[in-house]
Amino acid sequence: MKLFIIIFYIGVKASLESCNKVLNNLILQYYVGGKEQLIQAIAPYIQVSGNIPWSFGDYDACIRKGYSYSTVVILNSLYPQPIGFCHSTDCTSQDLEEDSIQTKVRAIIKASHILDPYIDVDTITYEMKDPNSNKNLHQYWTGITIITIIILFILSIIDPLKTIFSNKEIIQYGINDSIESIQMENKEPSLFEKFSLTKNYQELMNLQTLNKNLGIFDGFRSIACLMVIFGHSFIVFGGFVQPYNFIRILDKWTYLVIGDIFYAVDIFFQIGGFFIGFMLFQNQKVNQLNKKPLGVFLLILHRMLRIWPCYIIAIMFHCFIGQKIGGGPRWYITDISFQTQKCWQNLLFIDNLFQDDNFCFGWGWYLSSDMQIFLSSLVPLLLYSKCRRNGKIAIYILFIITLTFSILVSFQYGYTLVGFDILKKGYFHNYHIKSYCRAPPYYVGLLIGISYREHKQKMETTFGILNQWAIKSKKYLIFLCYFFGTVIILFLSLGWRGLQVSKDRQNYGPQWIWHLWNGVCRPLFIFGLSFLIVPSLIGLYDIFNSTFMNCAVFRLIAKLSFCVYLLHYTVITVILGTFYETPEYNFQSQFAVFIVSTIVTLSLALILHLLVEIPFQKLEKQFMNYITIKKQHQEKLV
């Protein structure tokens, strides 16, 4: 390890000439005073530098003393091994990667005789990382982002300030008469009222359940939201610790639970599909589409306008603010998370179609997949407007096609279980983010949503049969739903324990079974979840669906869930990237990161929800009403 102490004494400044001069002085110093004099010269830097792989020394002390700090990454080992070093300011990290410089460095190391005997000086390779190399990038866009946030904040406080200053007039002249009050209530809110921080906060904190039967979805949406934070904190945490610490937990019970966290996105897909089926497949909208099929373009526009404002602000915050919030010896690891070159792909919802690791806002793949699956569901919607049976058949066909793709891709690449496959190279691009592999849970939710909508419209459906059964034997039906739902979920969660603890996973049982498992486990999980939802949908309330899953905390998190999803990865990355020392990778450490990440994410999500999501929802609604009313007026004139 002393190899790198000598390397980093050469330090960081701008020119190769300066770097060469220092190298020559070191060589001369060695020949004049020997090894002892060389060690004495570099002693101030050794004290605040790392001494073993994954050790980063005292970063703050190095900077306070006026030195420079870099991280060297040894590439010869199975996994890259970073070491933090404090050094003088005579060479830059880029200088030390020059061939001419490296030749002199290796000569100095050989002459010193302090190199670890297990390291071959002639063959060792390394990369130099400057933890703050990207701090000065995108200054223009950083300024734009800050100005945008300031403008949004100013817009949000104008109406509350106006209300405060008008209180004196209210006290002096009394309350307006009832006619004026009614006129004010019917008046379209002004721009400042739409952005009003106080009004939006009151709207957020209105946690009354409009439909008790659907309250259980708030619970599952909130749980899925927390699962996503926990799962991503696990993945990101793994990139900041020593690999052997990460590998050694793969056969523990805690990892069995962690591996099942990845079903969270499938819960989001099912909920999204359900509400599309419940909201869009109602008689009024179906009849409108039957008359005006081009109305689907308004549905697409409506969905994009709902997503874009928060999405754009979140991308700007992540790429141009988040990159500059953190720092420290390990901050260079976060560089790949702050790519900005291809953010346009995210805004067009096509980023999951490219095989590229240099993506912008990597977790945005869910929004792209959800949008793509939503677009596919418009085909059954149009068919449903003509013939209900054909629309449902189209959904069944889409389910079978996408499930087949999921199975075929699993067999093609040899995927087995998400808990292990997430670590495999190529899994993310080949399977995890592909809408044609992740769509089956969405279509299950879509079918349930359509069936429930038809039940509400007094049509003969499965829910009607279950409702009649519930009248005769309520407790028996509740027991069966919870029993089958729990058994399916527990089987999928614990059934792969044997493969997990096997020392030879490649030969544990017939591999085709595990490939098939990966292909069908997600829709099976959603089937199990659907059993747990059914009692609430038919009005069979109990402590689980009406009290626990429909509690105020879950309803609040459900309202913030979109903003939480957009911001959580940025928060996790910044928190873990600013650790000065490598933490021990265990369940306790990960749970601590999860708790802190959740608290910070919910706080930021609250701000994004109040300043952006609610105001722009109101603006979008006004815009869509304007388009619709104007179009209807033109048709009447014609």
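**Exercise 1. Determine which residues Ile 336 touches, leaving out those up to four places away in sequence, and describe where Ile 336 lies.**

Step 1. Contact is defined as heavy atoms within 4.5 Å. With residues up to four places away in sequence not counted, Ile 336 touches Asp 357 and Phe 359.

Step 2. The model is predicted: local features need pLDDT of at least 70, side-chain atom pairs count only at pLDDT 80 or more, and totals for chains, interfaces and linings use all residues. Residues are numbered from 1 along each chain as its sequence is written, and side-chain values use heavy atoms, with hydrogens and water left out.

Step 3. Helices (H or I, at least four residues) and strands (E, at least two) are DSSP runs, numbered from the N terminus. On this numbering, Ile 336 lies in the loop between α16 (296–325) and α17.

Step 4. Buried means under 20% relative accessible area, exposed over 50%, and partly exposed in between (1.4 Å probe, protein chains only). Ile 336 has a relative accessible area of 46%, so Ile 336 is partly exposed.

Step 5. From C-alpha to C-alpha, Ile 336 and Cys 360 are 9.0 Å apart in space, while 24 residues apart in sequence.

**Exercise 2. Find the disulfide of the structure and give its handedness.**

Step 1. A disulfide is a covalent bond between the sulfur atoms of two cysteines. The criterion is a pair of cysteine sulfur atoms within 2.5 Å. The structure holds 1 disulfide.

Step 2. The partners are Cys 343 and Cys 360, with sulfur atoms 2.0 Å apart. This pair links distant parts of the chain, 17 residues apart: Cys 343 is in helix α17, and Cys 360 in the loop between α17 and α18.

Step 3. The torsion about the S-S bond of Cys 343 and Cys 360 is about 85 degrees, so the disulfide is right-handed.

Step 4. Cys 343 counts as buried because its relative accessibility is 13%; Cys 360 counts as buried at 1%.

**Exercise 3. Explain why Cys 319 and Cys 563 are too far from the closest cysteine sulfur for a bond.**

Step 1. For Cys 319, the closest cysteine sulfur is in Cys 360, at 3.9 Å, which is too far for a bond. Cys 319 is buried, with a relative accessible area of 0%.

Step 2. For Cys 563, the closest cysteine sulfur is in Cys 310, at 4.2 Å, and this is also too far for a bond. Cys 563 counts as buried at 0% relative accessibility.

**Exercise 4. Describe phi and burial for Phe 349 and Phe 361.**

Step 1. Phe 349 is in the loop between α17 (343–347) and α18 (365–386). Its phi is near 60 degrees, a positive value in a residue other than glycine.

Step 2. Phe 361 is placed in the loop between α17 and α18. Phi of Phe 361 is near 55 degrees, again positive in a residue other than glycine.

Step 3. Phe 349 counts as buried at 2% relative accessibility, and Phe 361 counts as buried at 0%.

**Exercise 5. Locate Thr 547 and state its accessibility.**

Step 1. Helix α28 (residues 543–548) contains Thr 547.

Step 2. With a relative accessible area of 48%, Thr 547 is partly exposed.

Step 3. Thr 547 and Gly 219 are 328 residues apart along the chain, and their C-alpha atoms are separated by 9.9 Å.
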